[in-house]
Amino acid sequence: MSLDVTVAVPFRQHGGTRLGEGEFVVALSLDRDWFSPDQAKRLIDLAAGRGLVERDGGDVVATFDPADVQIPEEFEPDASVLREQSAFEQILDACVAAGLKKQDAVAGINERQSKLGVTAEAAAVLFARENGVDVDDAAQKAKHGLSK
């Protein structure tokens, strides 16, 4: 969630869904003093990997409506937002965002993992799909992790 909120802030600040990469970096590093310029660029990479933004030439384009994101009054991201989530974490977050209780999702994933003898990521993909949660991007990441 905080990645979504963090990414939404520069777009909301500038009132649009398209910013130059430099504007995006300045909004997070100089205007807000949340990150160094290098960290702000890393944030763009992470957000692009999660499908929150796309790069278009030298621009960063939101793939969501930043106006729809709730930004708490005193919001300030912590350093964990720069850590790339594992496929398992992404799938679990998607399940919770779809309205499933986190505890129920973890229990369901664990049950499938032990019953089928598969990795936690594979069990999470199965659980999510059985519950109608779209996790195609994370599923591809999990699949790629299996081939390493």
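Student: How are α1 and α2 oriented to each other?

Tutor: In general, two packed helices are described by the angle between their axes and the distance between the axes. In this predicted model, helix α1, residues 2-14, and helix α2, residues 21-31, pack at an angle of about 105°, with their axes 10 Å apart. Angles of 65 to 115 degrees count as roughly perpendicular, and α1 and α2 are therefore roughly perpendicular to each other.

Student: Which residues of α1 and α2 make the contact?

Tutor: On the side of α1 the contact is made by T6, V7, P10, F11, Q13 and H14, and on the side of α2 by E23, F24, A27, L28 and D31. Sorted by class, this contact of α1 with α2 has 6 nonpolar, 3 polar and 2 charged residues.

Student: Let us turn to the strands. In which sense do β1 and β2 pair with β3?

Tutor: Strand β1, residues 18-20, pairs with strand β3, residues 59-62, in the antiparallel sense over 3 bridges, and the bridge partner of R18 in β3 is V61. Strand β2, residues 53-56, also pairs with β3 in the antiparallel sense, over 4 bridges, and here R55 has V60 of β3 as its bridge partner.

Student: What does G57 do in the hairpin of β2 and β3?

Tutor: That hairpin has 2 residues between the strands, and G57 takes a positive phi near 65°.

Student: How should I read the pockets, and how much space lies in the largest pocket?

Tutor: The general idea is that rolling a probe the size of a water molecule over the atoms shows where empty space is left. In this case about 560 Å³ of space lies in the largest pocket, which is lined by 20 residues, those closest to its centre being D4, R50, L52, A94 and A97. Both α4 (87-97) and α7 (136-146) supply at least two residues of this lining, with the largest share, 6 residues, coming from α4. By class, the lining of the largest pocket divides into 10 nonpolar, 4 polar and 6 charged residues.

Student: What volume does the second largest pocket have, and which residues are the closest to its centre?

Tutor: The second largest pocket has a volume of about 230 Å³, and of the 13 residues that line this pocket, R50, S80, V81, R83 and Q85 are the closest to its centre. Helices α1 and α4 each supply at least two residues of the lining of the second largest pocket, and α4 gives the most, with 3 residues. The classes in this lining are 4 nonpolar, 4 polar and 5 charged residues.

Notes:
Residues are numbered from 1 along each chain as its sequence is written. This is a predicted model: local features need pLDDT of at least 70, side-chain atom pairs count only at pLDDT 80 or more; totals for chains, interfaces and linings use all residues. Side-chain values use heavy atoms; hydrogens and water are left out. Axes are lines fitted to C-alpha atoms, for helices over the stretch in contact, and angles run from 0 to 180 degrees between N-to-C directions. Angles under 35 degrees count as roughly parallel, over 145 as roughly antiparallel, 65 to 115 as roughly perpendicular and the rest as oblique. Contact means heavy atoms within 4.5 Å. Ala, Val, Leu, Ile, Met, Phe, Trp, Tyr, Cys and Pro count as nonpolar, Asp, Glu, Lys and Arg as charged, and the others, Gly among them, as polar. Two strands pair if DSSP finds at least two bridges between them. On a 1 Å grid over the protein atoms alone, a cavity is a set of points where a 1.4 Å probe fits but cannot get out, and a pocket is an open set with protein on both sides within 12 Å along at least five of seven lines; lining residues have an atom within 4 Å of a point. Grid points are joined across faces, edges and corners, and a volume is the space filled by probe spheres set on the points.
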